[in-house]
Amino acid sequence: MSISRRGLLAAGLAVAAVGAMGVASTMNASADDTPVVAESDPTQTPPALLPSGKVPRPVVMGEPGSSSAALAAAGASAAKDVIEPGSDPTAFAPKGESGQITTSTTDVAPPLPPTLKAPGPDEVGYAYAGGRQYAVTEGASGTLTIANPRLGSNDWHSLAEFAVSTRDDDGTPFQAVEVGWTVDPTTFGDADNPQPHLFVYHWVNGQESCYGCGFVPLLSSSVKVGSIPAAGARFFGLMHANGAWWIAYDTEYIGSFPDSLWGGRFTRSGLVQGFGEVAYPKAQGQPCSQMGNGHAPANPADANAAKISSWSYNNGPAVQISLINPLNIVPPAPYPNFPILDSLRSIRYGGTANC
């Protein structure tokens with residue numbers, strides 16, 4: 001759910017969604033298909049305040065190409081990735097159900113591009129852990145633990161995100177905006193030294209778009225989609241204002257999704273979610289990757305596991321999130337949720353897999 005490190009920004013991504021549960025796949029398309037990121041708009045007017053209520057200020061940027069851990073050690077918040085030649089425009093990068101999360105797996109596999117073999121290892125399974133709340137808001141925000149989870153050799157990605165969307169239970173067209181971080185060597189081409197990368201995503205009328213499609217970067221922001229974020233607890237936010245859904249990372253806005261993408265029909269959320277997700281081959285039987293930072297909290301007070309915290313709304317109800325149960329995988333999914341903490345505003349989640 002983000003642009004590619006090596007060439008996908010230019011190449012674009014094509015998507016196809018199937019099934020009532022919104023399972024989808026993404027694969028690279030040619031440069032003549034859908035553009036990934038729109039041109040920056042000098043007339044953009046970001047909100048005066050972040051979703052947290054603080055005044056935006058530029059983040060501290062680190063050296064380009066720095067690892068997430070090195071950025072944290074240097075006191076920086078993010079760094080631009082180093083774009084290198086050699087991208088593979090046919091690489092397969094599956095995307096999860098983000099925004100239409102269920103508590104069971106689906107037997108419906110995403111349709112595959114003709115360049116990929118089927119059936120078998122390209123059928124995608126998804127495992128989740130996190131929280132959700134049906135909430136009408138003008139924005140949502142919170143803190144995600146940014147880590148560098150180890151991926152199984154055949155798995156595709158491990159990520160964490162916040163998402164605002166319309167309700168998924170009332171029969172109306174599904175709309176959504178997402179922001180978070182992902183470790184996805186297939187998409188970013190960094191299998192030699194995988195790192196987390198910032199991503200944004202959106203849905204229109206129940207259909208996925210592509211990594212970064214429709215997103216308008218803010219000219220004044222140093223942070224870009226695909227940048228490497230620093231490890232640790234970092235602020236993420238989504239705010240509707242001035243004719244767009246604005247995306248915030250750490251202390252500044254980085255860009256927006258304009259209302260025109262939805263014909264002006266999506267200006268408030270009906271559902272807010274924060275979760276971890278792992279994509280893996282269904283034929284494997286279970287994911288073999290770490291989720292979050294790889295720690296599974298043994299009890300609610302465990303301070304080592306990844307956290308989704310300080311969950312807040314803008315012009316919304318009191319925060320009272322409920323848990324998303326791990327998917328019903330055999331053997332059991334290794335990513336347990338644990339009791340909600342901090343007055344129903346925080347949870348710990350994640351773990352590792354024994355493959």
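1. Arginine 167 has a relative accessibility of 31% in this predicted model, and therefore counts as partly exposed. Its partner in a salt bridge is aspartate 169, with the closest N and O atoms 2.9 Å apart. Aspartate 169 is likewise to be classed as partly exposed, because its relative accessibility is 45%. Side chains of opposite charge can pair when their charged atoms come close.

2. How many salt bridges does a search of the whole structure find? The search finds three. One of them joins the side chains of arginine 132 and aspartate 168, at 3.0 Å from N to O. This pair links distant parts of the chain: arginine 132 belongs to strand β4, aspartate 168 sits in the loop between β6 (157-165) and β7 (176-183), and the two are 36 residues apart. Is arginine 132 buried or exposed? At 13% relative accessibility it falls under the 20% limit, and so arginine 132 counts as buried. Aspartate 168, at 30%, counts as partly exposed.

3. Another salt bridge is formed by arginine 268 and glutamate 138, whose closest N and O atoms are 3.1 Å apart. Arginine 268 is located in the loop between β14 (252-258) and β15, while glutamate 138 is in the loop between β4 and β5; the pair therefore ties together parts that are 130 residues apart in sequence. Arginine 268 counts as partly exposed at 46% relative accessibility, and glutamate 138 counts as partly exposed at 22%.

4. The next point concerns a sheet. Seven strands form an open sheet in the order β9-β8-β7-β6-β15-β4-β17, and their pairing is antiparallel. Which strands stand at the edges? They are β9 (207-208) and β17 (322-324); each has a single partner strand, so one side of each is left without a neighbour in the sheet. Strands of a sheet pair through backbone hydrogen bonds, either parallel or antiparallel.

5. Within this order, β4 and β15 may be examined in detail. Glutamine 133, for example, has valine 272 of β15 as its bridge partner.

6. Which strands pair with β5? Strand β12 (residues 232-241) runs antiparallel to β5 and is joined to it by eight bridges. Here threonine 143 has phenylalanine 235 of β12 as its bridge partner. Strand β16 (residues 306-313) also pairs with β5 in the antiparallel sense, over four bridges. In this second pairing, serine 141 has serine 312 of β16 as its bridge partner.

7. Serine 310 has a positive phi of about 50°, although it is not a glycine. Serine 310 lies in strand β16, and at 37% relative accessibility it counts as partly exposed. Asparagine 315, also not a glycine, has a positive phi of about 55°. Asparagine 315 is placed in the loop between β16 and β17, and with a relative accessible area of 62% it is exposed.

8. Proline 58 lies in the loop between β2 (23-28) and α2 (68-73). Is proline 58 buried or exposed? Its relative accessibility is 62%, and so it counts as exposed. Leaving aside residues up to four places away in sequence, proline 58 touches Thr251 and Glu252. Proline 58 and serine 222 are 164 residues apart in sequence, but their C-alpha atoms are 7.4 Å apart in space.

9. A final point concerns the confidence of the prediction. The chain has a mean pLDDT of 76, and 71% of its residues reach 70 or more. Over residues 1-36 the pLDDT stays under 50, and for this stretch the model has 138 contacts beyond four places in sequence. The pLDDT is also below 50 over residues 327-331, a stretch with 19 contacts in the model beyond near neighbours in sequence.

Notes: Residues numbered from 1 in each chain as written. Predicted model: local features only at pLDDT ≥ 70, side-chain atom pairs only at ≥ 80, totals over all residues. Heavy atoms only, no water. Pairing = 2+ DSSP bridges. Salt bridge = Lys/Arg side-chain N within 4 Å of Asp/Glu carboxyl O. Buried < 20%, exposed > 50% of the residue type's maximum accessible area, 1.4 Å probe, protein only. pLDDT = per-residue confidence, 0-100. Contact = heavy atoms within 4.5 Å.
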